[in-house]
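Subject: Structure handover and findings

Dear colleague,

Please find below the structure that I am handing over to you. My findings follow directly after it.

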Amino acid sequence: MVLLTVLDAFLASVPYALLFYILLDMLSGAPDLRWQFTLAAGCLLLMLVRVALARVLNFNLSLMGFRAGYQLRKSLGEHLRRLPMGFFYRTDMSSVNNTLLKDIDMSEKIFTHLYAPFIASVSVVCFFALGLLFKDWRMGLAMLSTLPLAVAAFLLTRRYARRWTAQMQALMFRLNDALMEYIDGIKELKASRMTGQAFGRLDKVLETTWRQSLTAEKASAWPVYSFNLLVECGFIVLLAAVSWAWLGQTLPMAEVLMFLIAAVRFFRPLLNISMFLAELNYFGLAAGRIAKVFDLPVLPQGNEMRDPDRLRIRLENVSFAYPEKPALFERLNLTIEAQQVTALVGPSGSGKSTLASLIARFWALEGGTIWVGSDSQRIDTAKMDASHWQSYISVVFQQSYVLNDTIANNLRVAQPDADSQALRRVCEAARLLPLIDSLPDGMDTLVGAGGVHLSGGELQRLSIARALLKDAPLIILDEASASLDPENERDIQLAMQSLTAGKTVLVIAHKLSSVRYADRIVVMDNGRIVEQGDHQQLMAADGLYAEMWGLQQQAMSWRPVGCKTGVMDRG
Ligand SMILES: Nc1ncnc2c1ncn2[C@@H]1O[C@H](COP(=O)(O)OP(=O)(O)OP(=O)(O)O)[C@@H](O)[C@H]1O
């Protein structure tokens, strides 16, 4: 591709040499029209060759750009997939979005917009400089006289400009974030009548960005300004040299004209080069940000592909701490029996969700082991291939994730080749079928942003249907903590019964009544397991569980009175 671009630049320079001979002939005492036509026809032919070449070049460069962008996005996506959950909690995701959307776009642009023009400009400049030096070294030197100064000025001001370029990009990203924050939060802001304050905040960011970006824009243009100014001074030096040589009769008119025409052709790509180099500054910063994401350490995983003989999970001396936080679990031990329902209960913040996340390997342990399988064939889950282990698990979060796609495609995330009968079967079990059949496009109805709105309960049932389709032997359920209407709640309970039948189930429970019949209830408090047993045993023990049960029963018997004052009274 480089050779083709250089060839194209060479072909672009040749007509100027032909022009010289046309001028020479015109200014001679006996112009030869046939000779001039032949040379002009040569120029035309070169132009046609260049048109054909440009098609090949543009097509291949676009292809290279899209391929590079595709590969980068794919590898970045793969890398993000292998990062621990901690990254997604701690990192400002808008910076990752910016890297994924803007920085990679910029890398694509390098190929589609910069690569060929840059090489072509450098080649044209080189061909012209060599050609003119060869023709008349004095004029050639005059034309190039200010170039070293221009390069030095460019290099000197580049460092200063780079700082401002970085600042300008940061400002743009800040502006994007502020806009996204405003748009994302507009529903809640409206509800709490705070759009005015929030817009004031956005307005402030807009104003600061506008003011600072003006300064930054001026500063970052310095290298291009100084380079262009000094390069153009070269044209003045050339004019003086050409006039001096012509007056001294050491330069014929044809060469005077040729030098002047060629100078215009020489300086234009030179000025372009400075713009390309300035754009390369932006690319350098984007490449740095992309490299930073690639440098993030991934969740360690093994390559064990054995299938566990049973889905019995044993946590042995498990220790874990969130980054920059004190230890949450220290030497925690727990067994989750195969094909039983184990419920995790406890006060908010006691560590229920974290425990489930560790089993699903969203995080790496600090110490201890999570085994799967019977005692005779136990496998360390940390040594298993992550995708292999996750193929055994279905997680149903209380806040379900929905793609902006059809219901069918949302379900097929769990099993891409599932046929429509399988989809209907799981939707029936998840109590979604009546809703889907009432929609005009049925399974092909679009949901998510821009599609049909689904209620919280319906979304959770969609998530259950997805888990049913995956048919994994270990189910982790994060029970909805928010109150649902009785009908929705009953539907979800029935859907969950279908999902969990015959499986190993771990339920993170917020309402004790819903796990009353669990095979085992594990009570957590402050990162420790304080009690375990079935409902009867725990009630008899009269500990934390019995206390929580009593409080929830009391809460259930409260009813609102005096709606006008909002006072709650015990019924
Ligand atoms: N991503 C995180 N980063 C840092 N700390 C976290 C993170 N997630 C949870 N924690 C902290 O870990 C502790 C346990 O949280 P966890 O969500 O596991 O409790 P939980 O029992 O599931 O709570 P809830 O019933 O309110 O959902 C809490 O102190 C919480 O603040």
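This is a predicted model: local features need pLDDT of at least 70, side-chain atom pairs count only at pLDDT 80 or more; totals for chains, interfaces and linings use all residues.

Helix packing

Helix H1 covers residues 2–27, and helix H9 covers residues 253–295. The two pack at an angle of about 150 degrees, and their axes are 9 Å apart. An angle over 145 degrees counts as roughly antiparallel, and H1 and H9 are therefore roughly antiparallel to each other. Their crossing is right-handed. On the H1 side, the contact is made by Tyr16, Leu19, Phe20, Leu23, Leu24 and Leu27. H9 contributes Met253, Ala254, Leu257, Met258, Ile261, Ala262 and Arg265. Sorted by class, the contact of H1 with H9 comprises 12 nonpolar residues, no polar residues and 1 charged residue.

H9 also packs with helix H8 (residues 222–247), here at an angle of about 170 degrees and with the axes 10 Å apart. That angle makes H8 roughly antiparallel to H9. Among the H8 residues that meet H9 are Pro223, Phe227, Asn228, Glu232, Phe235 and Trp246. Their counterparts in H9 include Val256, Phe259, Leu260, Phe267, Ser274 and Met275. The contact of H8 with H9 divides into 17 nonpolar, 2 polar and 1 charged residues.

Leu18

Leu18 is located in H1. Leaving aside residues up to four places away in sequence, Leu18 touches Leu39, Gly42 and Cys43. The C-alpha atoms of Leu18 and Gln36 are separated by 9.1 Å, with the two residues 18 apart along the chain.

The sheet of 6 strands

An open sheet with mixed pairing is formed by 6 strands in the order S6-S7-S8-S3-S9-S10. Its edge strands are S6 (393–396) and S10 (528–533), each of which pairs on one side only. On average, neighbouring strands of this sheet are turned by 15 degrees against each other, direction ignored. S6 pairs with strand S7 (residues 474–478) in the parallel sense, over 4 bridges. Val396 stands opposite Leu477 in S7. Helix H15 (residues 456–470) packs on the sheet and touches S6 and S7. The direction of H15 makes about 175 degrees with that of S6.

Helix H10 (residues 352–359) lies across strands S3 (341–345), S7, S8 (504–508) and S9 (520–525). H10 runs at about 150 degrees to S8.

The sheet of 4 strands

A further open sheet has 4 strands in the order S2-S1-S4-S5, with antiparallel pairing. The edge strands are S2 (327–336) and S5 (379–380), each pairing on one side only. Strand S1 (residues 313–321) and strand S4 (residues 367–372) run antiparallel and are joined by 5 bridges. Arg314 stands opposite Trp371 in S4.

Which strands of this sheet does H10 lie across? They are S1, S2 and S4, and H10 runs at about 115 degrees to S1.

With kind regards

Key: Residues are numbered from 1 along each chain as its sequence is written. Two residues are in contact if their C-beta atoms, placed from the backbone, lie within 7 Å. Two strands pair if DSSP finds at least two bridges between them. Axes are lines fitted to C-alpha atoms, for helices over the stretch in contact, and angles run from 0 to 180 degrees between N-to-C directions. Angles under 35 degrees count as roughly parallel, over 145 as roughly antiparallel, 65 to 115 as roughly perpendicular and the rest as oblique. A crossing is left-handed if the near helix is turned anticlockwise from the far one by less than a right angle, and right-handed if clockwise. Ala, Val, Leu, Ile, Met, Phe, Trp, Tyr, Cys and Pro count as nonpolar, Asp, Glu, Lys and Arg as charged, and the others, Gly among them, as polar.
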